[in-house]
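Please keep the sequence and the coordinates open while reading.

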Amino acid sequence: MRIKTQDLQTINELHLNAHRRAFARLSEQLQEAGIDPQSLIHSLHQLQIAIPSWALGTGGTRFGRFPIGGEPRNLAEKVEDVGLLHALNRASGAISLHIPWDIPEDAAHIQALASELGLRFDAVNSNTFQDQPNQPYSYKFGSLCHTDAAVRRRAIEHNIEVIHYGEALGSKCLSIWLADGSNFPGQRNFQQAFQHTLSSLQEIYAALPADWTMLIEYKPYEPNFYATVIQDWGTAYLLCQKLGKQAFVLVDLGHHLPNTNIEQIVATLMMEDMLGGFHFNDSKYGDDDLTVGSIKPYQLFLIFHELVGGLAARQRPVNTLAWMIDASHNVKDPLEDLLQSVEAIQLAFAQALIVNRQALLEAQQQNDVAWCQELMQQAFRTDLRSLLAEARLQAGGALYPLQAYRQLQIRHHLIQQRGRKAVATGL
Ligand SMILES: [Mn+2]
């Protein structure tokens, strides 16, 4: 299904006057603080969040899965769903594929469909954390780190195949997350596991086209509960350093132990120009896959504060990082969940843009602790939702995407079109 511009305009009309009043009040407030609302809108338009192909269906837990109906049955329908999101929020102009869940059988057709919907292909993701049907080898005891060279060989070849799929779609980035590790003390030799992983990654790196980047993701635990080969940002950083200039660290918010200071990790990686991408989600305990900003919105703002500062210091445009959502929740309509996630990311980004950095620098220099906090929270507590709505309006999207999604009865139409039992591939 496609959203008709006329339908969107009709829905926007209902809220237009109230929006204009709210935005006028906010604009005045921002201008008094010396901030140009239009330049914020320009920055918001630059920030496009890639939607992962595995988040378009209802996620499952190890206990069960409760599909919502109308889920995309193939890659073309997944691209169409991302197109629906982008039509509503004008901020989801990219899709991140997971191989082998979403192998493009007809790359030219998929690429044409995506560009018709204003989408590009962001990072492609390999999968060596589960066995595929009829696979003559097993990743049960690891992939790139495996003790058996033949298993490592297959995992390397799989990653190189993923690069080729990505090339056919115009992607420029390979993202690697490994489930490799051990469940019990003594099960694996740490140094051997690291060395195997490094040499496997070196072979994949050698197959990387010159204009591509490789992103190395880390995670402290799960599915292995004693040790993960790439357990933290330091290990990912070490691997990237050994690999070369095209390798960067990817930070997934859910891949940290509780209360880790993620914004500080981001600051250090930005300082070293080693941050390549982001996986957004939210969590209370671990890798919970919850909607971005639903649990810890202040942390998200603090992370964006470092990202915005780091990008500005290096004069890098916002679109030079791979911004992706990595979540797959199991009780909401996945499309509604994604609309909320993108909005939370944009909000944190906009809040970070209005921090009075000059005043903060001076307060930090003078060790004026109370004023430092005041400046941060002043930005965080400014309600910028009407700015986001205005940015969407100017880009031809919906003032309020979630409401528009419901008013247009999109899920109902998708169920009619694809059936109640259609279940997307993924976790
Ligand atoms: Mn991730």
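Two strands are said to pair if DSSP finds at least two bridges between them, and helices (H or I, at least four residues) and strands (E, at least two) are DSSP runs, numbered from the N terminus. The model is a predicted one, in which local features need pLDDT of at least 70 and side-chain atom pairs count only at pLDDT 80 or more, while totals for chains, interfaces and linings use all residues. Residues are numbered from 1 along each chain as its sequence is written.

**Strand S8 and its partners**

- Strand S6 (residues 213-217) runs parallel to S8 and is joined to it by four bridges, and within this pairing Glu217 stands opposite Leu250 of S8.
- Strand S9 (residues 275-280) also pairs with S8 in the parallel sense, over four bridges, with Val249 standing opposite Leu275 of S9.
- All six of the six residues of S8 (residues 247-252) are buried, so the strand is largely enclosed by the rest of the structure; a residue counts as buried if 20 or more other C-beta atoms lie within 10 Å of its own, as exposed if 12 or fewer do, and as partly exposed in between, with C-beta atoms placed from the backbone.
- Ala247, Val249 and Val251 point one way from S8, whereas Phe248, Leu250 and Asp252 point the other way, and all of them are buried.
- Together with helix H8 (residues 262-271), S8 and S9 make a right-handed β-α-β unit, where right-handed means that, with the strands pointing away from the viewer, the path from the first strand over the helix to the second runs clockwise.

- Helix H12 (residues 369-380) has 12 residues and reaches 17 Å from its first C-alpha to its last, close to the 16 Å expected at 1.5 Å a residue, the expected span being 1.5 Å times one less than the number of residues.
- Leu375, Met376, Ala379 and Phe380 are buried in H12.
- Seen down the axis of H12, its buried residues fall within an arc of 135°, so they line one face of the helix; the arc is that of the directions from the helix axis to the C-beta atoms.
- Ala370, Gln373 and Gln377, on the other side of H12, are exposed.
- The cover over the buried residues of H12 includes helix H9 (297-313), helix H10 (334-353) and helix H11 (357-365), with two residues taken to be in contact if their C-beta atoms, placed from the backbone, lie within 7 Å.
- The 17 residues of H9 should span 24 Å at 1.5 Å a residue, and its end C-alpha atoms are 24 Å apart, which agrees.
- The buried residues of H9 include Leu300, Phe304, His305, Glu306 and Gly310, and the buried residues of this helix pack against H8, H10 and H12.

- Leaving aside neighbours within four places in sequence, Ile95 is in contact with several residues, among them Ala50, Val79, Ala114 and Phe121.
- Ile345, found in helix H10, is buried, with 21 other C-beta atoms within 10 Å.
- Not counting residues up to four places away in sequence, Ile345 touches Ile49, Phe280 and Val292.

- Most residues other than glycine have a negative phi, and most peptide bonds are trans.
- The peptide bond from Ile99 to Pro100 is cis, with omega near 15°, and Pro100 is found in the loop between strand S2 (94-98) and helix H4 (107-116).
- A cis peptide bond also joins Glu222 and Pro223, with omega about 5°, and Pro223 lies in the loop between S6 and strand S7 (227-228).
- Asp273, which is not a glycine, has a positive phi of about 55°; Asp273 lies in the loop between H8 and S9 and is partly exposed, with 13 other C-beta atoms within 10 Å.
- Gln409, likewise a residue other than glycine, has a positive phi near 50°; the place of Gln409 is in the loop between helix H14 (401-407) and helix H15 (410-418), and with 11 C-beta neighbours inside 10 Å Gln409 counts as exposed.
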